[in-house]
Amino acid sequence: MNYSLLTVIILLAVGFFYLYRRFSHSNFDKYADLTVSVLLDRNNGDSHSHYGCIIFQLPSYGEHVKEVVITGVQSSNKHIRVNAFEKLNFFVTPGKSTESAMRSIGFSIHNMALLNQKGQRESLLVKGYVIDRKGTKKFFLKTSYYVLQEFSEESFTNPSEKIEGLAV
């Protein structure tokens, strides 16, 4: 009897955990769009690691959004080590949702792992919160998918997308 009760409690806890994560994941999409680019600089490395940057961009956001804060980043690729950071703030201007805000953080990847990198699609779990115009803080988890790309000028200029302004 005790084992069946314990099993039910564990299953309920796991179910609530997945429902919470599902709600948290879908919560961000109500407020803004987030695009992620992971760029590797082949010219910036040493005998053990190469370095690059993860670029976060908010191409559009709702009129009720005041601030988007990223507090944590975790890659599905265990060889990518994200540099320590406290938080990334996107302060957005009301009525300027056509502006594109960008922030970046650095990462490193071991050279041996880089040899096995074959351009596969990987995921990046982004944690943080959104503050609306009323000052309410809404936490989110967002999964973004990426392919590790070479750092180049073309990484920042996409002829199919015209960026009106840049809010930094």
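Me: Helices (H or I, at least four residues) and strands (E, at least two) are DSSP runs, numbered from the N terminus. How many helices and strands are there in the chain?

Reply: Two helices and ten strands. From the N terminus on, the elements go α-β-β-β-β-β-β-α-β-β-β-β. Before we go on: this is a predicted model, where local features need pLDDT of at least 70 and side-chain atom pairs count only at pLDDT 80 or more, while totals for chains, interfaces and linings use all residues. Residues are numbered from 1 along each chain as its sequence is written, and side-chain values use heavy atoms, with hydrogens and water left out.

Me: How much of the chain is made up of buried residues?

Reply: Buried means under 20% relative accessible area, exposed means over 50%, and partly exposed is in between (1.4 Å probe, protein chains only). Here, buried residues make up 39% of the 168 in the chain. Take β2: nine of its ten residues are buried.

Me: Which residues have the most contacts inside the largest nonpolar core?

Reply: The general idea is that in soluble globular proteins, nonpolar side chains tend to be buried together. A nonpolar core is a set of buried Ala, Val, Leu, Ile, Met, Phe, Trp, Tyr and Cys residues joined through side-chain atoms within 4.5 Å. The largest one here has 31 residues, and Phe28, Ile54, Phe56, Leu58, Val68 and Phe107 have the most contacts inside it. Among the elements giving two or more residues to this core are β1 (35–45), β2 (49–58), β3 (65–75) and α2 (111–115).

Me: And what is valine 68 in contact with?

Reply: Contact means heavy atoms within 4.5 Å. Leaving out neighbours within four places in sequence, valine 68 contacts Phe28, Leu58, Leu88, Asn89, Phe90, Tyr129, Val130 and Phe140. For the chain, take contacts between residues at least 6 apart in sequence: 70% of them join residues at least 24 apart.

Me: Do β1 and β2 run parallel or antiparallel?

Reply: Two strands pair if DSSP finds at least two bridges between them. β1 and β2 run antiparallel, joined by eight bridges, and a hairpin of three residues links them. Valine 36 has phenylalanine 56 in β2 as its bridge partner.

Me: Which residues stand opposite leucine 40?

Reply: On one side, glycine 52 in β2 stands opposite leucine 40; glutamate 150 in β9 also stands opposite leucine 40. β9 (residues 149–150) pairs with β1 in the parallel sense, over two bridges.

Me: Why does serine 75 count as buried?

Reply: Because its relative accessibility is 13%, serine 75 counts as buried. Serine 75 sits in strand β3. For its partners, think of a polar contact: a pair of N or O atoms within 3.5 Å where, within protein, one must be able to donate a hydrogen and the other to accept it, and residues adjacent in sequence count only if both atoms are side-chain atoms. The side chain of serine 75 makes one with the side chain of tyrosine 146 (2.7 Å), and a polar atom of the serine 75 side chain lies 3.1 Å from the backbone nitrogen of asparagine 77.

Me: Is asparagine 43 buried or exposed?

Reply: Asparagine 43 counts as exposed because its relative accessibility is 76%. This residue is in strand β1. Asparagine 43 and phenylalanine 151 are 108 residues apart in sequence and 9.2 Å apart in space, C-alpha to C-alpha.
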